[in-house]
Amino acid sequence: MNPERLRRITVEAGKCGGRPCIRGQRIRVTDVLELIAGGASFEKILSDYPSLEREDIVAAVDYTVLQAP
């Protein structure tokens, strides 16, 4: 797990209900995880969301692992 990568995850009070997002965009960590759970490949996600980078997807997964009880 890379602490630098986790800086890609942001939480802002007025954005997306204060939920964790990718680099201040209105793409929530949960959105990315739902796409992965639904079978979307990294390439498909990156194609559908051109503002995302591969490291953003990995950061979303890392963030979720850290938040798990």
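This is a predicted model: local features need pLDDT of at least 70, side-chain atom pairs count only at pLDDT 80 or more; totals for chains, interfaces and linings use all residues.
Is Arg23 buried, partly exposed or exposed? Select Arg23 to begin: at 32% relative accessibility, this residue counts as partly exposed.

**Confidence**

Colour the protein by pLDDT. The mean value is 94, and 100% of the residues reach 70 or more.

**Charged pairs**

Side chains of opposite charge can pair when their charged atoms come close. In the whole structure, a search finds 10 salt bridges; three of them are visited here.

Arg23 lies in the loop between β2 (21-22) and α2 (29-37), whereas Asp56 belongs to helix α4, so the pair ties together parts that are 33 residues apart in sequence. Asp56 has 0% relative accessibility and therefore counts as buried.

Next, select Glu53 and Arg8. Their side chains meet in a salt bridge, at 3.0 Å from N to O. Because Glu53 sits in the loop between α3 (42-48) and α4 (54-67) and Arg8 in the loop between α1 (3-6) and β1 (9-10), this pair ties together parts that are 45 residues apart in sequence. Glu53 counts as partly exposed, at 38% relative accessibility.

Arg28 is partly exposed, with a relative accessible area of 25%. Now show Arg8, Arg23, Glu53 and Asp56 together: salt bridges that share partners join these residues into one network.

In soluble globular proteins, nonpolar side chains tend to be buried together. Select Ile9, Ile22, Ile27, Val29, Val32, Ile45, Leu52, Ile57, Ala59 and Ala60, the 10 residues of the largest nonpolar core. Helices α2 and α4 each supply at least two residues of this core, and α4 gives the most, with three.

Which residues does Ala60 contact, leaving aside its neighbours within four places in sequence? Centre the view on Ala60 to find Ile9, Ile22, Val29, Val32 and Leu33 in contact with it.

**Thr64 in helix α4**

Move along to Thr64, which has its place in helix α4. At 32% relative accessibility, Thr64 counts as partly exposed. Not counting residues up to four places away in sequence, Thr64 touches Val29 and Leu33.

**A surface patch and a buried lysine**

Switch to a surface display and select Met1, Val61, Val65 and Leu66. These residues make a nonpolar surface patch of about 370 Å². Met1 is found in the segment before α1 and counts as exposed, at 57% relative accessibility.

The last stop is Lys15, in the loop between β1 and β2. Is Lys15 buried or exposed? Its relative accessible area is 17%, and a residue under 20% is classed as buried, so Lys15 is buried. Leaving aside neighbours within four places in sequence, Lys15 is in contact with Gly24, Gln25 and Arg26.

How values were computed
Residues are numbered from 1 along each chain as its sequence is written. Side-chain values use heavy atoms; hydrogens and water are left out. A salt bridge is a side-chain nitrogen of Lys or Arg within 4 Å of a carboxyl oxygen of Asp or Glu. Helices (H or I, at least four residues) and strands (E, at least two) are DSSP runs, numbered from the N terminus. Buried means under 20% relative accessible area, exposed over 50%, partly exposed in between (1.4 Å probe, protein chains only). pLDDT is the predictor's confidence in each residue, from 0 to 100. A nonpolar core is a set of buried Ala, Val, Leu, Ile, Met, Phe, Trp, Tyr and Cys residues joined through side-chain atoms within 4.5 Å. Contact means heavy atoms within 4.5 Å. Patches are made of residues with over 30% relative accessible area and no salt bridge: like charges are joined within 9 Å, nonpolar side chains (Val, Leu, Ile, Met, Phe, Trp, Tyr) within 5 Å. Accessible areas come from the Shrake-Rupley method with a 1.4 Å probe; for residues, only the protein chains shown count as cover.
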